[in-house]
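Q: Hi! Could you walk me through a couple of helices here?
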Amino acid sequence: MGKIIALKGRAESGKSTTIGLLPKILIANGYTAVPGSRESHGKDFLEIYAKGTYRLGITSAGDTYDLVHQRITTLVTAKCDDIICACRTFGGTHVAINSFSGFTSDYVTKTYASSAAMEASVNLTDANTLFSRI
């Protein structure tokens, strides 16, 4: 059974930025990007990483049911073992995540920086938390 690890938080809280830090962490830990898997959607992206036969899908879009459902469907269809995505704190994005049979849901609450100077540090800590849940 696969797992959907969802970084949940309010709008403009740094979820996409945090998920955007994952590729560097994954590569540093022996993962490789699957050629041709990257899709860019404005500030959001979708990409698949592999390590051996394990496939991890990442999508940073997390604002609406439709976006979350569509991007996770793409990653499920691509046979990802686990998926990391963004979502809001409650509501339709959670419904989208929970609609995928064969996957459990693991919600990680986005940490909010106490100042602009702390944002990069908080986002990196949250990215490493996401990585540790794989």
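A: Happy to. One definition to begin with: the expected span of a helix is 1.5 Å times one less than its number of residues. Keep in mind that this is a predicted model.

Q: Thanks! How many residues does α5 have, and how far does α5 reach?
A: Helix α5 covers residues 119–132, which is 14 residues. From its first C-alpha to its last it reaches 20 Å, close to the 20 Å expected.

Q: Which residues of α5 are buried?
A: Val122, Asn123, Asp126, Ala127 and Leu130 are buried in α5. Viewed down the axis of α5, these buried residues fall within an arc of 135 degrees, so they line one face of the helix.

Q: And what is on the face turned away from that buried side?
A: That face of α5 carries the exposed residues Ala120 and Ser132.

Q: What covers the buried residues of α5?
A: The cover includes the strands β1 (2–8), β6 (82–87) and β7 (103–109), along with the helices α1 (15–19) and α2 (22–28).

Q: Switching to α3: which residues are buried there?
A: In α3, the buried ones are Val68, Arg71, Ile72 and Leu75. They cover an arc of only 100 degrees around the axis, which puts them on the same side of α3. Asp66 and Thr77 are exposed on the other side of α3.

Q: What do the buried residues of α3 pack against?
A: They pack against β1, β3 (39–41), β4 (44–51), β5 (54–59), β6 and α4 (92–98).

Q: Which residue with a positive phi follows α3?
A: That is Lys79, with phi near 65 degrees.

Key: Residues numbered from 1 in each chain as written. Predicted model: local features only at pLDDT ≥ 70, side-chain atom pairs only at ≥ 80, totals over all residues. Heavy atoms only, no water. Helix = DSSP H or I, 4+ residues; strand = E, 2+ residues; numbered from the N terminus. Buried < 20%, exposed > 50% of the residue type's maximum accessible area, 1.4 Å probe, protein only. Arc of directions from axis to C-beta. Contact = heavy atoms within 4.5 Å.
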